[in-house]
There are 2 protein chains.
Amino acid sequence: MRQILDRIADKWSLLVIALLEKRTLRFTELRKSIDGISQRMLTTTLRQLERDGLIERTVYPVVPPRVDYALTELGCTLHDTIKALVVWTETNQAKIIAARRRYDERASEKLW
Amino acid sequence: MRQILDRIADKWSLLVIALLEKRTLRFTELRKSIDGISQRMLTTTLRQLERDGLIERTVYPVVPPRVDYALTELGCTLHDTIKALVVWTETNQAKIIAARRRYDERASEKLW
DNA sequence: CGGAATCCGCACTGATACTG
DNA sequence: CAGTATCAGTGCGGATTCCG
């Protein structure tokens, strides 16, 4: 249970699912869309999500290779709750940044 | 933005917020409730959540010391979306476990 | 009781090189 | 293009100790 929550709460997994909700994407498209992710981590993340039945991997036997990633039905149901989390973050990020500033200021005052 | 999402999507943070929604808890109560968390990680997690203005830390000047942790108003609004995530996990964990089994079986077949 | 501080291992991650 | 394989480093997190 917590094992599942850990996987889902992974930073890269959230982003991949958020991106795939809009449409099917190829490997390179995902890599370009997610700033800062390495090829290795993208591969690892996609494999885990595929293993959990959240995304579907389609390989086209062409040259050059083409692999599409899409949300499964299960993945779509997850996306709804993830989106709520993203929306909350967008809505409240100003408050959080302000709270951090207050906290850090109080902390630095106590040094004197 | 992603920095905030990372903090919130942290495995320990999710659990702490989920627990504090029911009622205010003391440090030791949290540690007992969250199986597998070390004292260090609980302290770190609580500090970060406090810094972000999601929980409130109340110190009572008594002996032995007593420290209460409670959700702030901002933390309460976050809890709603987190709860959706937890509920989703509970609802679908059977499907995920089944998907993993299928995936692993297919993988082991391909070794022959 | 509720921490802070220190040490330390290793798992995660990135970088690189290679392949079908 | 979409990976796999290998290796190196580093930072997270556990264990321990000490303190108000």
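How many of the six residues of strand E3 (residues 66–71) of chain B are buried? Five of them are, so the strand is mostly covered; buried means under 20% relative accessible area, exposed over 50%, and partly exposed in between, with a 1.4 Å probe and protein chains only.

Before going on, some housekeeping. This is a predicted model, in which local features need pLDDT of at least 70, side-chain atom pairs count only at pLDDT 80 or more, and totals for chains, interfaces and linings use all residues. Residues are numbered from 1 along each chain as its sequence is written, chains are lettered from A and ligands numbered from 1 in the order in which they are written, and side-chain values use heavy atoms, with hydrogens and water left out. Helices (H or I, at least four residues) and strands (E, at least two) are DSSP runs, numbered from the N terminus.

Back to chain B. Strands pair if DSSP finds at least two bridges between them. E3(B) pairs with strand E1 (residues 25–26) of chain B in the antiparallel sense, over two bridges, and there Leu25(B) stands opposite Tyr69(B). Strand E2 (residues 55–60) of chain B also runs antiparallel to E3(B), joined by six bridges. Here Arg57(B) has Tyr69(B) as its bridge partner. Five residues lie between E2(B) and E3(B), and the two form a hairpin.

Now chain A. Its three strands form an open antiparallel sheet in the order E1-E3-E2. E1 (25–26) and E2 (55–60) of chain A stand at the edges with a single partner strand each, so one side of each has no neighbour in the sheet. Helix H2 (residues 11–22) of chain A packs on this sheet and touches E1, E2 and E3 of chain A; contact means heavy atoms within 4.5 Å.

How do H2(A) and helix H5 (residues 73–109) of chain A pack, and at what angle? Their axes are 10 Å apart, at about 110 degrees. The axes are lines fitted to C-alpha atoms, for helices over the stretch in contact, and angles run from 0 to 180 degrees between N-to-C directions. That makes the two helices roughly perpendicular, the term for 65 to 115 degrees; under 35 is roughly parallel, over 145 roughly antiparallel, and the rest oblique.

Last, Arg100(B), which lies in helix H5 (residues 73–109) of chain B. Is Arg100(B) buried or exposed? Arg100(B) is buried, with a relative accessible area of 8%. Leaving aside neighbours within four places in sequence, Arg100(B) is in contact with residues of chain A, among them Arg51(A) and Asp52(A).
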